Protein chains: 2
Amino acid sequence: MNSLSSSPTLGESLSNSPGLPIATVERETGLGKDTLRVWERRYGFPKPVRDSAGDRRYSATQVQQLRLIRRLLDAGMRPGKIVGLNHAQLQALLTQHAPALPEYLSKTISTNRALDSLQEALLQAIGRHDPRALRHGLSAAQMRMGLAPFVTDLVAPLTTAVGEAWAQGRFEVFEEHLYTEVLTGVLRQAIASLTPQPASQGPKVLLTTLSQEQHGLGLLMVEALLMLEGCACVSLGTQTPVADVAQAARAHQVDVVALSFSNVHKAAMVHAGLRELRTQLPASTALWVGGACSALYQRPLTGISAVQHLSNLQPLVAQWRHAR
Amino acid sequence: MNSLSSSPTLGESLSNSPGLPIATVERETGLGKDTLRVWERRYGFPKPVRDSAGDRRYSATQVQQLRLIRRLLDAGMRPGKIVGLNHAQLQALLTQHAPALPEYLSKTISTNRALDSLQEALLQAIGRHDPRALRHGLSAAQMRMGLAPFVTDLVAPLTTAVGEAWAQGRFEVFEEHLYTEVLTGVLRQAIASLTPQPASQGPKVLLTTLSQEQHGLGLLMVEALLMLEGCACVSLGTQTPVADVAQAARAHQVDVVALSFSNVHKAAMVHAGLRELRTQLPASTALWVGGACSALYQRPLTGISAVQHLSNLQPLVAQWRHAR
DNA sequence: AATCATTTTTGTCTTGGACAATAATCACAG
DNA sequence: CTGTGATTATTGTCCAAGACAAAAATGATT
């Protein structure tokens, strides 16, 4: 009861409102079509209106609530307990459960007042739409702090802060895009200045993300840190299919494959992809994973090293060196 | 008839073979679950075996063929004609479908022997999996030729050559990714070295691509050329929704919005998106579009300037200057 | 308090049908 | 031969209701 194009993305969400089709909601929330339908059947939410063809049309409000639900699910809650709740109740749960979450992040923040105020200033530069100030602030901080602390203590927390501000509606999409773009420029410039490393004392590392993972900032942060450790890095950018990652690892004869995951994907998919890649990779090739994906740290993954925090990267390289 | 994790994937594809579940095939091939099932019903392919629960299990061979089919679909073929074919037939079609070239690209190539041989050398560096040689070759060429000719006469044709080699199966996905990544680094370095432009004599330009368009190389090429012309550039990276492009244009008070399109989308989608954006943008804001998307140049688009070739960019800036 | 067995919860896959937008084909006029 | 308009064919996505196995929660026993 539907058709091919059903063009709308989010453009018409404001003016006229036929509502968003289920495919768009899947993209926007990360919840599968099947899941959305079975939730409607079981919990009575979300209950979209139907268009002339009988297809579901979700309101912007429903999508917003689904976004909140998604975050609570990532925080460990169960669908049955929260899917029926209204916006206010969800928001309450979210703020209440906020401090429980990122314990591995908080240790770097709030211990340093100067960092906090710098971060705040940069956030304001984004909101002011001032790319020049943003770029200058980042660049200056990198020079002052040194690259490794810059990445670990400022860029990483700042990026999650921007992501959260966007999720809470305090930032628009284009403001988050501007931040990503400016930071990408700064990080790439730093990496380029490190490039002429003559004799690689560390492992040769292949960097990329798997299909459908298009968040590339984490990759750049890791690349910067690894180059500081004397690693030889080969980056493939984002969205490389599993089979091609394995193929590239063989072609470039790397010692390590490093993958970055954001939290937009279903845990089952992440695990399946990793298991798949692990078996396609030679046993002698190490597999390192990291990023804000909660699925990585719940259970230990056999044959895979999970890097929950960027500060754990340096020890991992040291450990690799020691094993040789 | 299935379950959550569905642990196996392709890991066992070599030794024992339960085959890949449908979700993995969707991720690896980009073909939706519904599409895979309806193809099986209509064309009898792919015909996966079933596991103990009755779920489909696709063989690695089938996935490989699906990948080829995907490429042919992107090249404009119809599923009904190619879904039943075997590996050899698909490969034949793929290599055969080369000469259907856009004529507007060929004019820059083949007029200069030195350029041709340089391009050939760089293509070989990609095939040799030698990122260092590739990067050095590009960097040296940029220094020798100067940035504008480098972008217009070498990078642009080289990029289309790589894309075609990939479409014909002469390059693997990861090889194309490596090219993109290395070139991105070179271009960004060039742009960064231009950044401290004091007084902008040219228009302020917002650069981005619309949703679902993730090809960012064209954006970087345009940004480099525009900065040479004294423009002030604000880039949002790729995949900005239409509404946010308009919002950003207002927030940053730009004179021009420049969009890049690759040829992966349907013409109707492109036209709809552009029309929508044109209405949301102030009339005083110019809208420039370019890229390898054939839909842009078939009919004239009202209120939009189409840049078929990068050499047309400089005149457009001059024209804008003159209008003030 | 920890280990094991049981029940509940939950996401994904199944089948067969349907539809609307796109593309291909055909008929007809200039 | 070249457009142009109408017709038919193709094709991706959505729907419904049912089913099942893994994960989480609960209860029982050491």
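Predicted model: local features only at pLDDT ≥ 70, side-chain atom pairs only at ≥ 80, totals over all residues.
Residues are numbered from 1 along each chain as its sequence is written, and chains are lettered from A and ligands numbered from 1 in the order in which they are written.

**View 1. Helix 10 and helix 11 of chain B.** The axes of helix 10 of chain B and helix 11 of chain B come within 10 Å and cross at roughly 20 degrees, the axes being lines fitted to C-alpha atoms, for helices over the stretch in contact, with angles from 0 to 180 degrees between N-to-C directions. Helix 10 of chain B is therefore roughly parallel to helix 11 of chain B (angles under 35 degrees count as roughly parallel, over 145 as roughly antiparallel, 65 to 115 as roughly perpendicular and the rest as oblique). Helices here are DSSP runs of H or I with at least four residues, and strands are runs of E with at least two, both numbered from the N terminus. Among the residues that meet are B:Leu183, B:Leu187 and B:Ile191 in helix 10 of chain B and B:Leu220, B:Ala224 and B:Met227 in helix 11 of chain B, where contact requires C-beta atoms, placed from the backbone, to lie within 7 Å. By class, this contact of helix 10 with helix 11 of chain B has ten nonpolar, two polar and two charged residues (Ala, Val, Leu, Ile, Met, Phe, Trp, Tyr, Cys and Pro count as nonpolar, Asp, Glu, Lys and Arg as charged, and the others, Gly among them, as polar).

View 2. The contact includes B:Val151 and B:Val155 of helix 9 of chain B, together with B:Met221 and B:Leu225 of helix 11 of chain B. The axes of helix 7 (residues 113-127) of chain B and helix 9 (residues 147-167) of chain B come within 10 Å and cross at roughly 50 degrees, so that helix 7 of chain B is oblique to helix 9 of chain B. This crossing of helix 7 and helix 9 of chain B is right-handed, and the contact involves, among others, B:Leu118 and B:Leu122 of helix 7 of chain B and B:Leu154 and B:Leu158 of helix 9 of chain B.

View 3. Five strands of chain B form an open sheet in the order 4-3-5-6-7, with parallel pairing (two strands pair if DSSP finds at least two bridges between them). Strand 4 and strand 7 (305-307) of chain B stand at the edges with a single partner strand each, so one side of each is left without a neighbour in the sheet. Strand 5 (residues 256-260) and strand 6 (residues 286-290) of chain B run parallel and are joined by five bridges, with B:Val256 opposite B:Ala286 in strand 6 of chain B. Helix 11 of chain B lies across strand 3 (204-208), strand 4, strand 5 and strand 6 of chain B, and runs at about 160 degrees to strand 4 of chain B.

**View 4. The sheet of chain A at strand 6 and strand 7.** In chain A, an open sheet of five strands has the order 4-3-5-6-7 and parallel pairing. Strand 6 (residues 286-290) and strand 7 of chain A pair in the parallel sense over three bridges, and A:Gly290 stands opposite A:Val307 in strand 7 of chain A.

**View 5. The meeting of chain A and chain B.** In this interface, 43 residues of chain B are in contact with 43 residues of chain A. On the side of chain B that touches chain A, helix 10 of chain B gives the most, with ten residues, and the residues of that side divide into 18 nonpolar, 18 polar and seven charged. Of the interface residues of chain B, 86% are also interface residues in chain A, so the copies meet through the same surface.

**View 6. The axis relating the two copies.** Chain B can be laid on chain A with an RMSD of 2.9 Å by a turn of 176 degrees and a shift of 1.9 Å along the axis, the superposition being by least squares on the C-alpha atoms of residues with pLDDT of at least 70 in both copies. The two copies are thus related as by a two-fold rotation axis. In chain B, the C-alpha nearest the axis is that of B:Gln189, at 2.7 Å from it.

Terms used:
Left-handed = near helix turned anticlockwise from the far one by under 90°. Contact = placed C-beta atoms within 7 Å.
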